[in-house]
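Please examine the sequence and the model before reading each solution.

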Amino acid sequence: MVRIIKEMIHRDYASLLNTTIIASQMHYSPSYVHRVFKQQINYTTHEYIKKTRMEKAKHLLQYSSFTRLEIAYHVGFKHPSQLYEAFKEFQHCTLTEFIQESIES
């Protein structure tokens, strides 16, 4: 089940995706999906979706000419501030710090 959910997230990360939608597609309750996913990979589905979006944004920041705003929307964040929050949460740095480190590397 967890493998299928991860595949769904990696395929549909940019769309409107949440635990309720995933659970509905899997024919399970949202609480069951939430609990099993968290037990197996130590992230909730919401956190994993956000982490996946942030990873895709990192790639676009490094290898595209899109603006930060374009990237935020392209990977599925509803607001650019969500991209900034994801970087702080998962990358442990600000988006600006990440870009600066990428330039220096």
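A residue is buried under 20% relative accessible area, exposed over 50% and partly exposed in between (1.4 Å probe, protein chains only). The model is predicted: local features need pLDDT of at least 70, side-chain atom pairs count only at pLDDT 80 or more, and totals for chains, interfaces and linings use all residues. Residues are numbered from 1 along each chain as its sequence is written, and side-chain values use heavy atoms, leaving out hydrogens and water.

**Exercise 1.** Determine how helices H2 and H3 pack.

Solution. Step one: locate H2 at residues 19-26 and H3 at residues 30-41; helices are DSSP runs (H or I, at least four residues), numbered from the N terminus. Step two: take the angle, about 100°, and the distance between the axes, 8 Å. Axes are lines fitted to C-alpha atoms over the stretch in contact, with angles from 0 to 180 degrees between N-to-C directions. Step three: H2 is therefore roughly perpendicular to H3 (65 to 115 degrees). Step four: list the contacts (heavy atoms within 4.5 Å): Thr-19, Thr-20, Ile-22 and Ala-23 of H2 meet Pro-30, Val-33 and His-34 of H3.

**Exercise 2.** Classify the aromatic pair of Phe-37 and Tyr-48 and describe its setting.

Solution. Step one: ring centres of Phe, Tyr and Trp (its six-membered ring) must lie within 6.5 Å, and planes over 60 degrees apart count as edge-to-face. Step two: at 5.5 Å centre to centre and 75° between the planes, Phe-37 and Tyr-48 are edge-to-face. Step three: Phe-37 belongs to H3 and Tyr-48 to helix H4 (residues 45-63), so the pair ties together parts 11 residues apart in sequence. Step four: Phe-37 is buried at 0% relative accessible area, and Tyr-48 is buried at 10%.

Definitions and conventions:
Helices (H or I, at least four residues) and strands (E, at least two) are DSSP runs, numbered from the N terminus. Angles under 35 degrees count as roughly parallel, over 145 as roughly antiparallel, 65 to 115 as roughly perpendicular and the rest as oblique. Rings of Phe, Tyr and Trp (its six-membered ring) pair if their centres lie within 6.5 Å; planes under 30 degrees apart count as stacked, over 60 as edge-to-face and the rest as tilted.
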